[in-house]
Amino acid sequence: IAVEGFGLLLIQMMENAGARLAELAVRRFRPASVAVLCGRGGNGGGGLVAARHLANRGIGVGLTRADDADRLGEVPRHQLAILERMGVPIGSEPTDSDLVIEALIGYSLRGDPRGGAAELIRWANTQRAPVCSLDLPSGLDATTGTAGDPCVRANATLTLALPKTGLVAAHEIVGELYLADLSIPPEVY
């Protein structure tokens, strides 16, 4: 409805999501370094935007992607290209940091996470650093709150536009819950 009825663009909503995530990371956790874990969809695109905003603030950012760049959608691919031109480190293995931002899988998850996303979820769950999830912890069913195998156990979650029903049911996995305004007109709701 926001896109078709009001003309909002995915790139606008992605920019808002990533900027709000970076703001939360700085305000709540005050990290000197951040490991950003990104998937290939819109959720990953929001993570890419957050990485850019954090790097712009002088915070050490290390980006790890769960999938190959050629599988990215057009808008997340655009975000990745900006980070590459900025010289933000993009590696195949995440590094220890003061904070882990995970933007691997959004609300479109069907079944348990697999492949690179599953490996990065397991890695995030072993870190001493706090984990901040974008929209919902990756591996969590947005509607039911059922945790997949594996599922991120977040210290904080920044959900987008409106809280998903599953976030309430899984508060011990979600951690502190924050809500981000994506600039969607109230009529959409």
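Guide: Gladly, and let us begin with contacts. Setting aside neighbours within four places in sequence, Thr 159 is in contact with Asp 135, Lys 164, Leu 167, Leu 177, Tyr 178, Leu 179 and Ala 180. Contact here means heavy atoms within 4.5 Å. This is a predicted model, where local features need pLDDT of at least 70 and side-chain atom pairs count only at pLDDT 80 or more, while totals for chains, interfaces and linings use all residues. Residues are numbered from 1 along each chain as its sequence is written, and side-chain values use heavy atoms, with hydrogens and water left out.

Visitor: Why is Thr 159 called buried?

Guide: Buried means under 20% relative accessible area, exposed over 50%, and partly exposed in between, with a 1.4 Å probe and protein chains only. Thr 159 has 0% relative accessibility, so it counts as buried. The residue sits in strand 6 (residues 156–160); strands (E, at least two residues) and helices (H or I, at least four) are DSSP runs numbered from the N terminus.

Visitor: What lies 3.0 Å from a polar atom of the Thr 159 side chain?

Guide: The backbone oxygen of Asp 135 does.

Visitor: Is Ser 133 buried or exposed?

Guide: Ser 133 is at 0% relative accessibility and therefore buried. Ser 133 belongs to strand 5, and its contacts beyond four places in sequence include Leu 21, Glu 102 and Val 152.

Visitor: And what makes Pro 150 buried?

Guide: Its relative accessible area is 6%, so Pro 150 is buried as well. Pro 150 lies in the loop between strand 5 (131–134) and strand 6. Its C-alpha is 6.2 Å from that of Ala 118, although the two are 32 residues apart in sequence. Ala 118 is also among its contacts beyond four places in sequence, as are Pro 113 and Ile 121.

Visitor: How do you know that Arg 28 lies over the face of Phe 29?

Guide: A charge sits over a ring if NZ of Lys or CZ of Arg is within 6 Å of the ring centre and within 35 degrees of the ring normal. Arg 28 is placed over the face of Phe 29, at 4.7 Å from the ring centre.

Visitor: How many aromatic pairs does the structure hold?

Guide: The count is 0. Rings of Phe, Tyr and Trp (its six-membered ring) pair if their centres lie within 6.5 Å; planes under 30 degrees apart count as stacked, over 60 as edge-to-face and the rest as tilted.

Key:
A polar contact is a pair of N or O atoms within 3.5 Å; within protein, one must be able to donate a hydrogen and the other to accept it, and residues adjacent in sequence count only if both atoms are side-chain atoms.
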